[in-house]
Amino acid sequence: MTMPSLSTTQRHGVISDLSQNHAHPGTPIQTLPQDIYEPSDCESDHSDDEEVDLSRQPPATAVATTPRQLEDGLAKLDSTPSPRVTIISTPLSLTDREDEPDCPVILAGLDPSPLPPKKGSRTYRYFRYNFGSVYRRIFCLAFLGNLSALVVLAAKHGLSSQAERFTYQQASIAVTANVLAALLVRNEHVVNAFFWVFADKAVTKYLPLRARRLGAKIYSYGGVHSGCAVAATAWYIAFLVLLTLEWTGSDIAEDQGMVKGYIYLVSYTILALLVSMLATAWPEFRRRCHNWFEGVHRFMGWTAVFLFWVQVLLLTYENSSHDFGTGLVQSPNFWMLVVITGLVVYPWTRLRLRKVEAEVLSSHCVKLNFEYRDVHYGQAVKLTDNPLRETHGFGVIPHPYAPKTEDATHQTSSSGSSMVSVEREKTQKQNKGLSHAGEKGYSVIVSKAGDWTSKIIANPPTHIYTRGTPQFGVMRVAGMFEPCVIVATGSGIAPCLSLFVQKPDHPVRIIWSTKSPLQTYGQDIIDLLYATDPRAIIIDTSKGGPKFKRPDLVKLAYRVWEESQGEGPEQYARLEGRTNSTGRKKIVGKCEAVVIISNQKLTKKVVYGLESRGVPAFGALFDS
């Protein structure tokens, strides 16, 4: 399927939302008043936007036509309003101007006036939305809860008698318990259980919106992992201090001295490993040296678990008043280490070399098709060609449902056969180009983002390893809100496609900003987006000046959300006259939340810019 060439007028900018002015195909867009632009949003320390006042330059006259009209050569005046239009691109006359206006907002038919001010003081917003994010609250709950217990026990140790003092054996139990919690919360089945309970529409459909918005933050579960990991290190330091104090100056037999020497060696080696793992998990290091982070976490983690086993065996031998086996079975650390070892080993028992069919979409991305299992929307799978070196997660796209024609077979008339043919042709045309429709399996889109992805795109594999089981991520929460605004940049659209394919009737508004979307990802994906949301806003950042290369997604998302608050079912033709799939009685048009899939920096910026204005927003965290 190829995109026909556009006329000069069509190339000069096309609006993507005509709901406000009810423009007809071929109707020129009116120019807008001056003094309507503002600097890009976000005072967060994650923002690097250039706050420049831009002079008003009216956009060139644009023509609104649908992709299907262009494809079929039907771009002509029609009496039926059509909101589906081509990709937004800037007027050519402005492409080389440094003072180019905020064209995406104008061409999208949205209100370009300044956004309302953020709520509260700057200090309040920082502690509420940045420092006080749900992830950090969970981290603080896990870490400070442990730290409080440690302080209380340390104080009790100094004030109590010898028999009631805090012992290194008790500290070691706390260490192992926190390591167990940190690993357990990372297990794929545990994570999936969290999402089934807190973010599945079948479970949450009767909950009020406020409760659903709170439950949607379940993707911040990584705070438990990091909080317990840091707490385990703190407990371990306490363990070493207590161990050293108890053994220093005591009478040590020659054979006991050798065992205790080995215990010291193993114990301080474990401390070095734990500190190294924490240091390399620092977000900035992890971002800059991801492969180092992954290697240190993996191999040092395995080494630490092995040394924990050695330490438990040596301490049991040193302290057991009965036989060694009885002492080992009675040790809580022994049983927790059994579970910890199982959690470490389990994902590797699910390592499989899978057959894959590669579809090269462009020199920038490739689509990998798998057929070994079905998946759910919002899940991600871990892929690698070298399991011990690096593993990468990719959002899955379930194979689309096969085109259905039986719904039309009941229509009978003198031209009944022709009606069936028309319905069949219409359904098949809607699914045209969607590979593997009706087949078992899923696909992932790999786009160029580093050495590994570049290698996969340049030399598409015929087989590749998958590890573990598909795991839910932040995109799963989009199904809790009807409708919701989906914002994506670049290849971030790939995880979103899973919702659009598996839940085609789920009402959404789509904003996608990327470079050369048609040339990079192909017409099929563009058609799928417009089939899901006929008013989708797709911005080609390869055209235009600074404001087009870096559109203000905060303003776009806010205006789309704001516009929806006054809409009704008529803006969602497929749902007109129906309640939504959750059965709640409400106006379908009001968007309930915004979900963004982008890089970490932009995600934080958009989530902050929206939440600080009272719009519920959700975006993947670095540790989610």
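Reply: A residue counts as buried under 20% relative accessible area, as exposed over 50%, and as partly exposed in between. Y372 therefore counts as partly exposed, since its relative accessibility is 23%. F370, at 0%, counts as buried. The model is a predicted one. F370 and Y372 form an edge-to-face aromatic pair, with 6.2 Å from centre to centre and 90° between the planes.

Now to the charged side chains. Side chains of opposite charge can pair when their charged atoms come close. The structure holds 13 salt bridges. One of them joins E611 and K217, whose closest N and O atoms are 3.0 Å apart. This pair links distant parts of the chain: E611 belongs to helix α23 (residues 600-611), while K217 sits in the loop between α9 (209-215) and α10 (222-247), and 394 residues separate the two. E611 has a relative accessible area of 16%, so it is buried. K217 is buried too, with a relative accessible area of 16%.

R298 and E294 meet at 2.9 Å, N to O. Both lie in helix α13 (residues 290-319), 4 residues apart, which is about one turn of the helix. R298 and E294 are both buried.

R559 and E562 also form a salt bridge, at 2.7 Å from N to O. Their helix is α22 (residues 553-564), where they stand 3 residues apart, about one turn of the helix. Salt bridges with shared partners join R559 and E562 to D111 in one network. The cover of R559 and E562 can be judged by the cut-offs above. R559 is buried because its relative accessibility is 4%. E562 has a relative accessible area of 33%, so it is partly exposed.

K260 lies over the face of W247, at 4.6 Å from the ring centre. W247 is in turn one of the residues in a cluster linked by ring pairs, including Y168, Y236 and F308. R476 lies over the face of Y377, at 4.2 Å from the ring centre.

As background for the cover of these residues, 50% of the 624 residues of the protein chain count as buried. The secondary structure of the chain comes to 23 helices and 13 strands.

Notes
Residues numbered from 1 in each chain as written. Predicted model: local features only at pLDDT ≥ 70, side-chain atom pairs only at ≥ 80, totals over all residues. Heavy atoms only, no water. Buried < 20%, exposed > 50% of the residue type's maximum accessible area, 1.4 Å probe, protein only. Phe/Tyr/Trp six-rings, centres within 6.5 Å; stacked < 30°, edge-to-face > 60°. Lys NZ or Arg CZ within 6 Å of the ring centre and 35° of its normal. Salt bridge = Lys/Arg side-chain N within 4 Å of Asp/Glu carboxyl O.
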